Amino acid sequence: MGEIIECTDIHLERQVIIKRLQPGVEQRRIVDEQKALAALRSKHVVQLFDIIELTDRGPKELGLVLEKINGKPITPGAYKADKASLAVLWQIACGLADIHARGIVHRDVKPGNILIDGEGVVKIIDFGLARSMGMDAKTHSVIGTPLFMAPELWQGGAISFDEKIDVYAFGVTALALVDTTPPTELIARPPLPVGGATLSKSFAGYPAPLINLLTSCFASDAAKRPKMSVVADAISRHLLKDQHRATVVLNGTPNFLNSKNRAIKLNAAGVGSLAIEYDGLDFRVTAVSGNVFLNNTSIVTGNVLPGCCVITFGVDRNRRFVTFDVSSPEVMP
Amino acid sequence: MKAGDVVSDRYVVQSHFASGGMQDVYLATDKLLNTNVALKTPQAGQADKRFARSAKFAARVNHHNVAKTLDYVEEGNQRFLIEEFVVGENLELKLSRFGALDPHLGARVLHHLAKGIAASHHAGVVHRDLKPSNVIAEDGVNLHELKITDFGIATLTEEVFDEAAKDGDLTRSTSGTIRGALPYMAPEMMFRKPGDHPDKPSDIWSLGAMMFRILSGEYPFGVYLDAAVNVKNKTRAAWPAFMTSNSQYKPLSLELQAVVEQCLNYDPASRPTADQIVKLCGELCYINVERHVGTIDHFIQNGYSGFATGDSGTVFFSMESAYGPRRPDAGRNGKIVYSKFPGTPRDRGHPIVVVD
Ligand SMILES: Nc1ncnc2c1ncn2[C@@H]1O[C@H](COP(=O)(O)OP(=O)(O)OP(=O)(O)O)[C@@H](O)[C@H]1O
Ligand SMILES: [Mg+2]
């Protein structure tokens, strides 16, 4: 995927990377895509500073001048299936969601192309640099690591693919973080459908809904793989587990519901009562009697509170109001 | 410089964007990458030779809460710094519209600023001129993307400061830049002697002073010379009552006030580091849901609640959600900002903050 030259920008006295582009039909696409990425300005995409002509090897070649990331690629097997690795997966998913929203496919998602910089920010490198996949079998080896290639890429002839190949590769990357021995199905060429039970073992430390979502990234049918933005949202929700706070104002005094104080019972004498419990992700109605409304909507046991709401007890003149506001820390890279 | 001028055969000036105390800022197009960039050039008579050094400082910081330094060009006897162009408006302009930010939005601003400052401190770069006009957020009422600019000016400012300090009193400086910085300037910077080099903690004071203004709408120590006198005499403005008068907002307001008070410690060594503030912010609970603008239609229930309509539809709100120095009404204080939460038949708006 082109040679890398480490250089110093003598004007700004900082380190940059020059990436030599291989000549060929792909060069134009790569340059256009790099420009589109520069315009996107995602915090997970490496900054492109310049496109230059290199002549050090004789004929003119194109070089991309890129920001040098002070960081290391994520290491397969170095993580446990816990919150720390989820935070990394969340950032990768955010970065891929950013570029997919612009119609760009990475094509070579794998741990070696994912760096964590000194500030803990995930940077995805080598966007679009992998060769087009509609080539003969011999060129397959230059695309990248076969393990990360979605089944549709193994078909012969002209292959059409979309951003779902990145979703598949994201799934394999997630697996590689926590487990360096991939199931035999994934090693097969082309890869075979892998059972949920097999993956669940490696992902065992993650919450069940996320295991299901990660497993769906491996679907042989590209259409069944989730969008990266859906994955990012689901992970961020779980990253906030047990960190929400509901502020319930009763007679002018704020009461808090959180991981230390999970349940509250509100009683409006004669008109109704309501019990709410925090399960770590949502605030849920566990019991209700009489006339109780949330943001004017009638409720039943099991309902999830809609973020911030006014709880109304009773109807007409007897009404009493309680405000219930849900807040949480912000998930940030 | 005028529209159409080309720098380095690459950057085409579109328009003059703004001028600060030391530099002119132009909006330009990068012909090569097809992006907009900010082109900064020192004003005549400014410490020209330091401009390059400033650029190098700025270039060391690489974080999404700091405007990226892209290029530095010397052409003829002119110097240019090329920076990522941040679409939006600076916090000074936001404040003129908001007055004060509610604690939920304020917490968000603090969190992002602390992240950007932490990254620059890790790179060994002290900003020295943190103030609302050096923070840019996207247009509109959401402050999702915040970027600090002018890290590059750090050394320039230092030179201006050094010269002013030589004259004996920084606070009497006629430099526009110093006047703009005074309300947020740390005491050890204000009353420095030549050769003193206030370090990272001075940025933390500035962050605290800036957050005081953002949360209260007031300058903590006043402006111009007042700022110097008040900092010296330790007479800081009191927190406004509206921050804590509503029980719903009081807990978060108090948490934020505590952070700001720590930043405004007169002993630089006793101030928290940017990393410590980032950590504190990581534990703050705030409502981080998209904001909308609407106009109040009418009130019901004897003014206890009402309806407002914006481009995202009509919401119901209760006056208990109102926050800020101005009370929402159907007249002059009829323009409000709020987040939306599902309800029947209308969504609920909360928090409710009057804006211009
Ligand atoms: N990279 C950028 N993208 C968009 N706007 C910018 C950028 N850098 C600066 N600006 C805006 O340009 C204006 C002028 O900036 P400048 O730093 O010269 O002056 P200032 O901060 O207002 O005052 P001072 O000279 O005292 O620092 C400011 O409103 C600032 O927000
Ligand atoms: Mg400025």
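A salt bridge, as the term is used in these legends, is a side-chain nitrogen of Lys or Arg within 4 Å of a carboxyl oxygen of Asp or Glu. The views are taken from a predicted model.

**View 1. The interface of domain 2 and domain 3 in chain B holds one salt bridge.** The bridge that joins R291(B) to D102(B) has its closest N and O atoms 2.9 Å apart. Domain 2 of chain B covers residues 89-282 and domain 3 covers residues 291-354, while domain 1 of chain B takes in residues 6-84. On the side of domain 2 of chain B that touches domain 3, the elements that give two or more residues are α2 (91-98) and α3 of chain B, and the largest share, three residues, comes from α3(B).

**View 2. Domain 2 and domain 3 of chain B bury about 1,300 Å² between them.** Of this area, 53% lies on carbon and sulfur atoms. Three residues, V141(B), F242(B) and Y249(B), supply 38% of the area that domain 2 of chain B buries against domain 3, which is more than any other three residues supply. The contact brings together 16 residues of domain 2 of chain B and 18 residues of domain 3 of chain B, although the centres of these two domains, taken over C-alpha atoms, are separated by 31 Å.

**View 3. Two residues of chain B, N134(B) and D150(B), coordinate the magnesium ion (ligand 2).** N134(B) lies in the loop between α3 (103-122) and β8 (135-137) of chain B, and D150(B) lies in the loop between β9 (146-148) and α4 (153-166) of chain B, so the pair ties together parts that are 16 residues apart in sequence. N134(B) is buried, because its relative accessible area is 3% and the cut-off for buried is under 20%. D150(B) also counts as buried, at 10% relative accessibility.

**View 4. E83(B) is placed in strand β6 (residues 78-84) of chain B.** With a relative accessible area of 4%, E83(B) is buried. The side chain of E83(B) makes a polar contact with the side chain of K40(B), at 3.2 Å.

**View 5. Chain A and chain B meet through 47 residues from chain A and 51 residues from chain B.** The area buried between the two chains is about 4,100 Å², of which carbon and sulfur atoms give 52%. In chain A, the residues that lose the most area to chain B are L12(A), E119(A) and E330(A), which together account for 16% of what that side buries.

**View 6. Seven salt bridges are counted between chain A and chain B.** One salt bridge joins E13(A) and K56(B), whose closest N and O atoms are 3.2 Å apart. Across this interface of chain A and chain B there are also 23 residue pairs in polar contact, both residues being at pLDDT 80 or more. Among the elements that give two or more residues to the side of chain A that touches chain B are α1 (26-40), β3 (48-54) and β16 (320-327) of chain A, and β16(A) provides the largest share, six residues.

Note on methods:
Residues are numbered from 1 along each chain as its sequence is written. Chains are lettered from A and ligands numbered from 1 in the order in which they are written. This is a predicted model: local features need pLDDT of at least 70, side-chain atom pairs count only at pLDDT 80 or more; totals for chains, interfaces and linings use all residues. Side-chain values use heavy atoms; hydrogens and water are left out. Donors are N, O and S atoms within 2.8 Å of the metal (3.2 Å for Na, K and Ca); water is not among the atoms, so sites may look incomplete. Helices (H or I, at least four residues) and strands (E, at least two) are DSSP runs, numbered from the N terminus. Buried means under 20% relative accessible area, exposed over 50%, partly exposed in between (1.4 Å probe, protein chains only). Domain bounds come from an automatic or database domain assignment. Contact means heavy atoms within 4.5 Å. Buried area is the accessible area (1.4 Å probe) that two parts lose on being put together, summed over both. A polar contact is a pair of N or O atoms within 3.5 Å; within protein, one must be able to donate a hydrogen and the other to accept it, and residues adjacent in sequence count only if both atoms are side-chain atoms.
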